[in-house]
Amino acid sequence: MIEVRWHGRGGQGAVTSVELLALAAIEEGKYAQGFPSFGPERRGAPVAAFNRVDGKQIKIRSGIYHPDTVVVLDEGLVGLVNVAEGLKPEGVLIVNTAKTPAEVRKTIKFKGKIAAVDATAIARKELGVPITNTTMIGALVRLTGIVKLDSLKVPVEHRFGRIAIKNLTAMKRAFDEVNIG
Amino acid sequence: MAAKKWPENWQNVNRGCVVFRPGSAGDYHTGSWRAQQPVWDNVKCIKCGLCYIVCPEGCISEGSDGYYSADLDYCKGCGICTHECWPRAIKMVEEG
Amino acid sequence: MSKRIGIEVAVAAAEAAALCRFDVAAVYPITPQSHVAEHLSNIVADGRIDAEFITVESEHSAMSAAMGASATGARVVTATSSQGLMYMHEVLPIASAMRLPIVMAIANRAVSGPLNILNDHSDIMPQRDSGWISLFAENGQEVVDMMIQAFKIAEHRDVQLPVNVNIDGFQLTHMVEPLEMPDQKEVDKFLPPYKPYATLHPDKPVSMGTFAMNDVYTEVMKAKDAALVNSKEVILAVWKEWEKRFGRAYEPIEGYRVKGAEILMLTMGSMGETAAVAIDELRKKGIPAGLLKMKLWRPFPFDELKKAVKGAKTLIVTDRAVSFGGPGGPVAGEVRSALYDQPTRPAIINEIIGLGGRDMMVEHFMEIVMKAAKAGRKKRKEAYEFYGVREA
């Protein structure tokens, strides 16, 4: 079972990310959960969202405290919240940043694998807005193989309709361009 | 007083206490509550129908001559018609 | 068998109601039920089924409107949570007394105060004596299945009672997970159109919501109790039919690894799944533990409970609500009372867990069972415990 924690701000679409990822996994015939951090919804406040993906039925319904992977949608959250908290030492931390993984490592207390991708630049170019939730899925898929990139096509098209193609392009670029340290 | 019509036992309670006989409240003759009854003075009555409107029991009706009277099977003798009748055409009179 | 799809459970609950072709939805939104309300509204607005959505200004009105609609013979769905359910409380026993087969999804949430929007069962427990049939779902699939079963049970001529389906707020409502949506044709075969016992119609007037004083009120209450008690037979039959048609079995108390279990733990709602993982881990360690998952809360499954605990030395009853100054948790109070006249019965431990959204992980359930295993039949000092409470 792979457990993922997403960090973002209210309104940045972390919940959409976990929903799309769960739908893609289910589309592949896997079992998956996608859920927000439970509580009030507050725009701009640091929020988390979670995924579990497994080949067999998932029974655990408690929170995720020791994720295999952490995805950070907003670099500004580093330092504001401990994004590496509970992250397994053999896990991977994926940050949306223009910095290199080595530079990120200086600001985060985490000894495991760190990956960096400038999702904001990609999203600005491909979507015209700095919304990185779909873009970052591409980086996650590259690092974990949690689902196939193709499996996101159906849920993204269902969710975004006309602008789905832009999101899929951004996702593919993050998949290709993520810098693995 | 109307005869008791409620179920003899719990098995005979209608589902949800639904009463299938419409207007069954008419069996209850509230006229027995009355201590005074309204009496109309048709010389003063202007046939405005206010008594008919305000009667809480709905027991006042208009006769073929256009004047009003109460159905004494249901009139409780509350006196609201008398109180509201501005030409003072209705008087409350002791029963019996 | 249809394909598993990914869907948020709250949305799936509304979709299940749509599969039942509801006529009227009267709903007021409240966290964490809001997605149910929103989606019911979408279904009606999109014209997917021929139904009315009544926007109301409160939950008291939601239930009142639901009752009015149901009295005309409409198939009615509503949904609420926490304070909304508390506000509805006054009307709930009237819906059951009038034998109106309304189906209500409850996104279970803690009640104020202090204000808390997370999951526990303190909203449904005070409604225990409202005369509603009460089902508890453990996962998204059960939510969908129970919403459909609920209409069939509620509308059955021998039942005619409202049914609430309890869905853990957030833990279930906000979860995107895989489940099978039954086929519309299959649901149509399972659930025929509602044939009411009596309806409000100007052409054939009847009186509903009548008056009854001391000369008949007792008989009416006895009739209502009998209706609840007798509904169990229909519930079991509906579940049998469901299993035959859709392949998924339901029982009032579902056992998990109960064979040879000396220590049993009883759960209601979504925590049964995490607890089941704990039981697997305990069995690996050689601890003879098993799990009882109670799906039917009203009518209370006395016979099934007695049968399920036979042979167990210890029964741990988990509660997600508190009966303050009372027997601990309401579930444990009822379980104790149900087993009192048994010649042999297990020692009963009451753990009050997961209040106001406090998370329960696999290791927490393991700790509870291991502690009970260690204590054996030694009597506890306290009749109940607030699990994990921080003490001075």
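User: In which sense do strand S13 and strand S14 of chain C pair, and over how many bridges?

Analyst: This is a predicted model, in which local features need pLDDT of at least 70 and side-chain atom pairs count only at pLDDT 80 or more, while totals for chains, interfaces and linings use all residues. Residues are numbered from 1 along each chain as its sequence is written, chains are lettered from A and ligands numbered from 1 in the order in which they are written. Strands of a sheet pair through backbone hydrogen bonds, either parallel or antiparallel. Here, S13 (residues 314-319) and S14 (residues 347-352) of chain C pair in the parallel sense over six bridges. Within this pair, C:Thr314 stands opposite C:Ala347 of S14(C). Helices (H or I, at least four residues) and strands (E, at least two) are DSSP runs numbered from the N terminus, and two strands pair if DSSP finds at least two bridges between them.

User: What is the strand order of the open sheet in chain C, and which strands are its edges?

Analyst: The six strands of chain C follow the order S9-S11-S10-S13-S14-S15, with mixed pairing. The edges are S9 (253-256) and S15 (384-386) of chain C, each pairing on one side only. Neighbouring strands are turned by 20° against each other on average, direction ignored; axes are lines fitted to C-alpha atoms, for helices over the stretch in contact, and angles run from 0 to 180 degrees between N-to-C directions.

User: Which strands of chain C does helix H11 lie across?

Analyst: Helix H11 (residues 330-339) of chain C lies across S10, S13, S14 and S15 of that chain, at about 145° to S13(C). Contact between two residues requires that their C-beta atoms, placed from the backbone, lie within 7 Å.

User: Why is chain B described as more spread out than a compact globule?

Analyst: The radius of gyration is taken over C-alpha atoms, and the globule rule is 2.2 Å times the number of residues to the power 0.38. Chain B has two helices and four strands, in the pattern β-α-β-β-α-β along the sequence. Its radius of gyration is 17 Å, well over the 12 Å that the rule gives for 96 residues, so chain B is more spread out than a compact globule. The C-alpha atoms of chain B fill a box of roughly 55 × 25 × 20 Å along the principal axes.

User: How many residues do chains A and C give to their contact?

Analyst: Chain A contributes 18 residues and chain C contributes 22 residues. On the chain A side, S2(A) gives the most, with six residues.
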